[in-house]
Amino acid sequence: MVIEVEQKFIFKAGLQLALQTSGARLVKTLRLRDVYYDYCEGEPARRFRLSRTDEWLRERNGTWEFKRALPKAGQGADVVTQYKELTREEDILLALNLNAPPDGPKRSFEALLQEAGLSPLVVIDCERSSYELDHMTVDLDVTTDGYRLCEIEAVVQTEQEIPVAKRRIAEVATRLGIHSAEFVPGKVLASLVKNRPELLSLLVADGRVPSSALSRLRDWAGKQNEGP
């Protein structure tokens, strides 16, 4: 298990040039297909249970990952997020309380998810350019529906390392000339505005997404619908 500390920024024009002039190294470019899972059917109290508790089960290009937000002080959405990440399938099943009965037939990981009622929430395809700057990861993502996002990320082993990671993220952002004291919606929220608007409304009502972010996403979605 590791802890991901990350801040999202708007991917503005000129950011790639800023990375080059800052001495960032392009590590790789790749195409990602992310499939996020949740309890999408059933009783209202059960629907979207993972998303509404800030837990995210994802299959990325055939590899599974489960992210659970660390407890935070106060209410509202964080500008810098911190998640515990699990990548071993047995650890993910344990976190989801989905271990198969020891005396029953052997089930595959996917079968256990399906039997528990987990199904695809959203599917996100994007092109990613991943850079390294000051031993930090800077990802530039462009989804197939045109959402552009920059993520600056550090991976640490303990919660005690989080304050240093936050400071390093701020330092890299300053070098790149990008600043954001506001919550910037990620790719999942951008997908929800088109594909699961009822969940996005619930996240706003729960206080997990600021209403200003919802307005920004709706404006973006409206422009996409207008076409060229």
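Aspartate 206 has 32% relative accessibility, so it counts as partly exposed. The cut-offs are these: buried is under 20% relative accessible area, exposed is over 50%, and partly exposed lies in between (1.4 Å probe, protein chains only). Arginine 52, with a relative accessible area of 27%, is partly exposed.

This is a predicted model, in which local features need pLDDT of at least 70 and side-chain atom pairs count only at pLDDT 80 or more, while totals for chains, interfaces and linings use all residues. Residues are numbered from 1 along each chain as its sequence is written, and side-chain values use heavy atoms, leaving out hydrogens and water.

## Salt bridges

Side chains of opposite charge can pair when their charged atoms come close. A salt bridge here is a side-chain nitrogen of Lys or Arg within 4 Å of a carboxyl oxygen of Asp or Glu. The structure has 19 of them. One joins the side chains of aspartate 206 and arginine 52, at 2.8 Å from N to O. Aspartate 206 sits in the loop between helix H7 (197-205) and helix H8 (211-226), and arginine 52 in helix H2 (residues 49-52), so the pair ties together parts 154 residues apart in sequence. Helices (H or I, at least four residues) and strands (E, at least two) are DSSP runs, numbered from the N terminus.

Lysine 187 and glutamate 151 form another salt bridge, with their closest N and O atoms 3.4 Å apart. Lysine 187 is in helix H6 (residues 187-195) and glutamate 151 in strand S8 (residues 148-156), 36 residues apart. Are these two residues buried or exposed? Both lysine 187 and glutamate 151 are buried. They also belong to a network of salt bridges with Arg128, Asp139 and Asp141.

Arginine 216 meets glutamate 182 in a salt bridge of 3.2 Å, N to O. Arginine 216 lies in H8, and glutamate 182 in the loop between helix H5 (162-176) and H6. Arginine 216 is partly exposed at 29%. Glutamate 182 is exposed at 52%.

## The barrel

In what order do the 8 strands close into a barrel? The order is S1-S5-S4-S3-S2-S6-S7-S8, with antiparallel pairing. Neighbouring strands of this sheet are turned by 35 degrees against each other on average, direction ignored. Two strands pair if DSSP finds at least two bridges between them. Strand S3 (residues 55-60) and strand S4 (residues 63-69) are joined by 6 bridges. Glutamate 59 stands opposite tryptophan 64 in S4.

H6 lies across S2, S3, S6, S7 and S8, and runs at about 145 degrees to S6. Axes are lines fitted to C-alpha atoms, for helices over the stretch in contact, and angles run from 0 to 180 degrees between N-to-C directions.

## Glutamate 4

Glutamate 4 is in strand S1 (residues 2-10). Its relative accessible area is 5%, so it is buried. Residues in contact (heavy atoms within 4.5 Å) with glutamate 4 include Thr81, Tyr83 and Glu153.

## One face of H7

Leu199, Leu200 and Leu203 are buried in H7. Seen down the helix axis, the buried residues of H7 fall within an arc of 100 degrees, so they line one face. The arc is that of the directions from the helix axis to the C-beta atoms. Just after H7, glycine 207 takes a positive phi of about 85 degrees.

Methods
Lists of a residue's contacts leave out its neighbours within four places in sequence.
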